[in-house]
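Here is a walk through one protein model. Keep the sequence and the coordinates side by side as you read.

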Amino acid sequence: MGQVRARFRAWTGGGIKVQRPRFVFLAAPVTQAQGASERESILWMLVSPNNRQLGRSASYHGVYADSHQAVLDLRQNLDRVVLLESLVERTGQRIWRLKLDGQAVAVSSRSYFRARECTYNLERFMEAVPQAEIVVGVRVARRGRQRPAETDDLTVVRSARPVATTLAQSSLGPAYRTQLQLPDEQ
């Protein structure tokens, strides 16, 4: 591996900075209970150099300082975490979770079809934690966007630009030509 890095540095002149994994903090709305209003809470995510989520915090935190401290605690106690891989019976997919002193501290960002995929991604997460930089500040989810209410009628939403009603001649025959009709054209 060292030879590959040395060749890469020689080839690039050593001037290209390769991005490292990083912890980012996200403020996201969380519904407290049925009928209750949403409040924003903070969670951290570990993101790979190619911007894929490797894992995230198992719980939301009330303030940025608590979420930041959770990342520092994870790093400091990485040798004591218990690694758990589980099968979700409802879907048949696998997930991983890290526990520290009986408390879940990190979970997989997605589920996996195969056990080896789950194990591989857990290993990538564990490798990235000690070397990941910690991004300062919080990103806000759904900035400027409004979630539609359940009572909103979404069928009246139309595209502002013209929409093609058919595709070009298909080599698969007329059965595979897509027809698009807007609600008021029926």
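Start with R124. This model is predicted. R124 has a relative accessibility of 22%, so it counts as partly exposed, given that buried means under 20%. Its side chain meets that of E127 in a salt bridge, 2.8 Å from N to O. Both residues sit in helix α3, residues 115-131. They are three residues apart, about one turn of the helix. E127 is partly exposed at 47% relative accessibility. R124 also forms a salt bridge with E123, at 3.9 Å from N to O. E123 is partly exposed too, with a relative accessible area of 41%. Through shared partners, E123, R124 and E127 join into one salt-bridge network.

How many salt bridges does the whole structure hold? The search finds four. One of them links the side chains of R80 and D101, at 2.9 Å from N to O. R80 lies in the loop between α2 and β4 (82-88), and D101 lies in the loop between β5 and β6, so the pair ties together parts that are 21 residues apart in sequence. R80 is partly exposed, at 42% relative accessibility. D101 is exposed, with a relative accessible area of 66%.

β5 and β6 form a hairpin with two residues between them. D101, in that turn, has a positive phi of about 55°. Strand β5 covers residues 93-100 and pairs with β6 in the antiparallel sense over four bridges. Here L98 stands opposite A106 of β6. Strand β6, residues 103-107, also pairs with strand β3, residues 53-57. That pairing is antiparallel as well, over two bridges. R56 has V107 in β6 as its bridge partner.

Now turn to helix α2, residues 64-76. At 1.5 Å a residue, its 13 residues should span 18 Å, and the end C-alpha atoms are 18 Å apart, which agrees. Which residues of α2 are buried? They are S67, V71 and L74. Seen down the helix axis, these buried residues fall within an arc of 65°, so they line one face of α2. The face turned away carries the exposed residues A65 and Q76.

S67 is buried, with a relative accessible area of 0%. Leaving aside neighbours within four places in sequence, S67 contacts F25, I42, L43, W44 and H61. Q76 is exposed, with a relative accessible area of 60%. From Q76 to P130 the C-alpha distance is 8.8 Å, though 54 residues separate them in sequence.

Technical notes:
Residues are numbered from 1 along each chain as its sequence is written. This is a predicted model: local features need pLDDT of at least 70, side-chain atom pairs count only at pLDDT 80 or more; totals for chains, interfaces and linings use all residues. Side-chain values use heavy atoms; hydrogens and water are left out. The expected span of a helix is 1.5 Å times one less than its number of residues. Buried means under 20% relative accessible area, exposed over 50%, partly exposed in between (1.4 Å probe, protein chains only). The arc is that of the directions from the helix axis to the C-beta atoms. Contact means heavy atoms within 4.5 Å. Two strands pair if DSSP finds at least two bridges between them.
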